[in-house]
Amino acid sequence: MGLINYVTRVQFGFGALETVNEELKLAGIARPFIVTDKGVRGLGLIDQLTAILSTPPAGIYDETPGNPNEAAVRAATALFRQAGADGIVAIGGGSSLDLAKAVAVMAAHEGALKIFAAIEGGLEKITARTFPTIAIPTTAGTGSEVGRGAILILDDGRKVGLLSPYLVPRAAIVDPALTLSLPPMLTAATGMDAISHCIETYLAPSFNPPADGIALEGLRRSWANIRVASENPDNRDARANMAIAATMGAMAFQKGLGCVHSLSHALGGINPRLHHGTLNAIFMPAVLRFNRAAPASIAQDKFTRIALAMGLGSSDAVESEITDMTRAIGLPARLSELGVTRDLFDRIVAGALADHSHKTNPREASGEDYLAMLEASF
Ligand SMILES: [Fe+2]
């Protein structure tokens with residue numbers, strides 16, 4: 001049995017930002033609250049957005065941290081309430097989009113953020129009262145614009161996910177023009193996040209052939225374009241392909257992710273300065289080698305199809321090609337290059353075992369398996 005669910009409206013293409021008034025109206029938002037970060041504001045994208053909006057925003061929160069945390073959720077929720085807003089326009093990278101989702105929940109519900117975390121049974125507590133959100137990504141990576149999840153760091157240091165169908169934005173406005181100013185390193189790191197979503201969710205065991213098809217096509221587009229987009233930021237065709245591939249990766253990952261994400265969530269919770277996409281790029285080869293021994297009923301010919309989507313002649317080369325690409329686009333390919341030390345391994349393993357992505361890996365990982373993957377990625 002499987003639940004197959006495609007719900008988000010996606011306005012896609014150069015100039016899609018112009019559809020924002022139409023989408024706000026459809027979502028029933030009259031007093032939008034903007035959630036973003038200083039970088040996006042500095043690039044002039046908020047000015048561009050407010051120039052298009054037919055009514056001025058009720059308020060703006062522009063202090064989203066690189067990895068959104070509970071303190072930022074509190075601050076933004078207080079501003080949202082003060083402004084008397086009735087919905088959110090989230091514009092930025094995955095951090096702004098995820099923070100906005102948490103604000104949409106917290107402004108409409110009572111209680112501390114942690115009780116809404118998926119691993120604390122939050123799914124049941126997030127209701128239809130959640131405020132509507134329009135999501136406008138300015139990176140091509142997380143795909144949070146079509147996802148039902150938000151990743152946040154709690155006051156107690158845990159990096160957790162809020163998961164609920166009520167978190168899915170009412171519309172995603174995916175305008176590749178907004179990604180043209182994304183610097184090469186961020187293009188590379190966020191692009192690797194998109195690639196890891198496509199690969200990891202494709203390997204997840206749940207039955208969802210439409211998602212599998214979307215994941216493979218997303219992988220084909222992102223793999224073929226990540227290097228061009230990183231090296232030639234103005235290449236519109238590469239930007240468009242990365243943007244739609246990121247959206248596709250997240251459409252597909254309703255199937256769940258796996259050990260790449262359980263590891264990167266755990267380590268990202270310990271050190272929020274490490275980029276999620278970079279960590280995924282580093283973990284992918286070791287996790288894929290581990291997953292090659294997944295039960296045949298789950299893995300089937302999936303590695304062959306992954307290799308085909310990547311344009312490789314042989315499925316044996318998948319892991320080494322990922323490492324080579326990681327280096328080619330200027331990212332570190334080993335944990336030690338990021339300054340991660342072995343004394344963190346036990347904490348990373350404990351976090352990974354408790355992560356919501358742990359359960360949907362095609363092969364169950366033990367603590368020892370995780371240690372071996374960390375060592376191989378070191
Ligand atoms: Fe991710």
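User: Into which domains is the protein chain divided, and how many residues does the contact take from domain 1 and from domain 2?

Analyst: The protein chain is divided into domain 1 (9-178) and domain 2 (184-377), with bounds from an automatic or database domain assignment. This is a predicted model, in which local features need pLDDT of at least 70 and side-chain atom pairs count only at pLDDT 80 or more, while totals for chains, interfaces and linings use all residues. Residues are numbered from 1 along each chain as its sequence is written. With contact defined as C-beta atoms, placed from the backbone, within 7 Å, domain 1 gives 26 residues and domain 2 gives 24 residues.

User: Why does the span of helix α6 agree with its number of residues?

Analyst: Helices are DSSP runs of H or I, at least four residues, and strands runs of E, at least two, numbered from the N terminus. The expected span is 1.5 Å times one less than the number of residues. The 20 residues of α6 (residues 184-203) should therefore span 28 Å, and the end C-alpha atoms are 29 Å apart.

User: How are α7 and α12 oriented to each other?

Analyst: The axes of α7 (residues 209-231) and α12 (residues 302-309), lines fitted to C-alpha atoms over the stretch in contact, come within 8 Å and cross at roughly 40°, with angles running from 0 to 180 degrees between N-to-C directions. Angles under 35 degrees count as roughly parallel, over 145 as roughly antiparallel, 65 to 115 as roughly perpendicular and the rest as oblique. The two helices, α7 and α12, are therefore oblique.

User: Which residues of α12 do Leu216, Leu219, Arg220 and Trp223 meet?

Analyst: These four residues lie in α7. Their partners in α12 are Arg305, Ile306 and Ala309.

Key
Two residues are in contact if their C-beta atoms, placed from the backbone, lie within 7 Å.
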